[in-house]
Each structure stands twice: as C-alpha cells, then as structure tokens.
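Visitor: Please take one part of this model and go through it closely. I would like the sheet and its surroundings, with cut-offs.

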Amino acid sequence: MLFNESSDIALQLEPSWASDPVSIDLVHLKGGKLLAISPSAMRLYASAEYLHDPFGNGLIDSCDWSEQQSLQQGPSKKSEQPSFVQDFKAGAIHLQQGYTLLVTPVAIQLFASAAQALHNQDCLAELRLE
C-alpha cells in the first residue's frame, strides 16, 4: 500500500517583516506550529496567531545565533521574493549560505551544511518542539 500523505514537515513559506527593515521568513509546519526565521535568530510558535502576541503567549522556544552565522536573503524555490529559505523537503529546511535546519520529532536543529545535518554533527543551535 502506498502512502498518500506527503512526508514534508514544512508546508508553506511566507516572507514577512518583523519591523523595517528586518524581514523574516515564516515557515508553517505540519501540526500548525510556526517557525519564524530572521537573519540572526529563529523562534517557534504554537501557531501563527501567536506571532505578534505582546506577552509572548504561544512562544515555544527561541534562540539567537552569532553574527558569523547571520543569514542573508537570496533566491528561493518556495517563494518569488528573496528569502532566507532556499528550499525544504521532508524534515530538512535548506537556508541561504549552505545552512540546514533539521526538524526531528523533538527539536529543530541548525547545522552549517546538509551533510552535517545528515550525520547529526556539530549542531550550531536548537529549538525544542515541546
């Protein structure tokens, strides 16, 4: 029997703005969670409705990364606008500058490359999913 459902965990990319001139990418995940990616951080929300909550309700986890790891926008296969996200498939979200986010059942991990993500080597940052 073949499975009809996609194995993609990331479902949709939505470029947005946190404030001028800071743009962010919103990645809608299976199960309704929302991953916000900025040049120097990522935040995980229980759902999109909590993104602009001034009290931080619905924020599951957040992490900042160093200035050396700062992302630049570039072309994306998932958006017509420049984006921090190049592409996503299954549990991998490929970012600009070669970085990869690996979405596992318990965490979202940032790696310097897809090869390092594949081998779970040298995780640079991590968000817990619960």
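Guide: Two strands pair if DSSP finds at least two bridges between them. Strands (E, at least two residues) are DSSP runs, numbered from the N terminus. In strand E9, leucine 110 is the bridge partner of leucine 101. This is a predicted model: local features need pLDDT of at least 70, side-chain atom pairs count only at pLDDT 80 or more, and totals for chains, interfaces and linings use all residues. Residues are numbered from 1 along each chain as its sequence is written, and side-chain values use heavy atoms, with hydrogens and water left out.

Strand E8 (residues 100-103) and strand E9 (residues 107-111) are antiparallel partners, with four bridges. They belong to an open sheet of five strands, ordered E6-E7-E8-E9-E10, with antiparallel pairing. Strand E6 (85-89) and strand E10 (125-128) are the edges; each has a single partner strand, so one side of each has no neighbour in the sheet. From one strand to the next, the twist averages 15° (axes are lines fitted to C-alpha atoms, and angles run from 0 to 180 degrees between N-to-C directions).

Now threonine 100. This residue sits in strand E8. Its relative accessible area is 2%, so threonine 100 is buried (under 20%; exposed is over 50%, partly exposed in between; 1.4 Å probe, protein chains only). Its side chain makes a polar contact of 3.4 Å with the side chain of histidine 94. Such a contact is a pair of N or O atoms within 3.5 Å; within protein, one must be able to donate a hydrogen and the other to accept it, and residues adjacent in sequence count only if both atoms are side-chain atoms. Not counting residues up to four places away in sequence, threonine 100 touches residues including Ala92, Ile93, Gln109, Leu110 and Phe111 (contact means heavy atoms within 4.5 Å).

Next, the nonpolar packing. The largest nonpolar core has 25 residues. A nonpolar core is a set of buried Ala, Val, Leu, Ile, Met, Phe, Trp, Tyr and Cys residues joined through side-chain atoms within 4.5 Å. Leu35, Ile37, Met42, Ile93 and Ile108 have the most contacts inside this core. Another core, of six residues, lies apart from it; Ile24, Leu26, Leu34 and Leu51 are among them. Isoleucine 37 is in contact with Leu101, and also with Ile24, Trp65 and Phe84, among others, leaving aside neighbours within four places in sequence.

Phe84 also touches serine 23. Serine 23 lies in strand E2 (residues 22-29).
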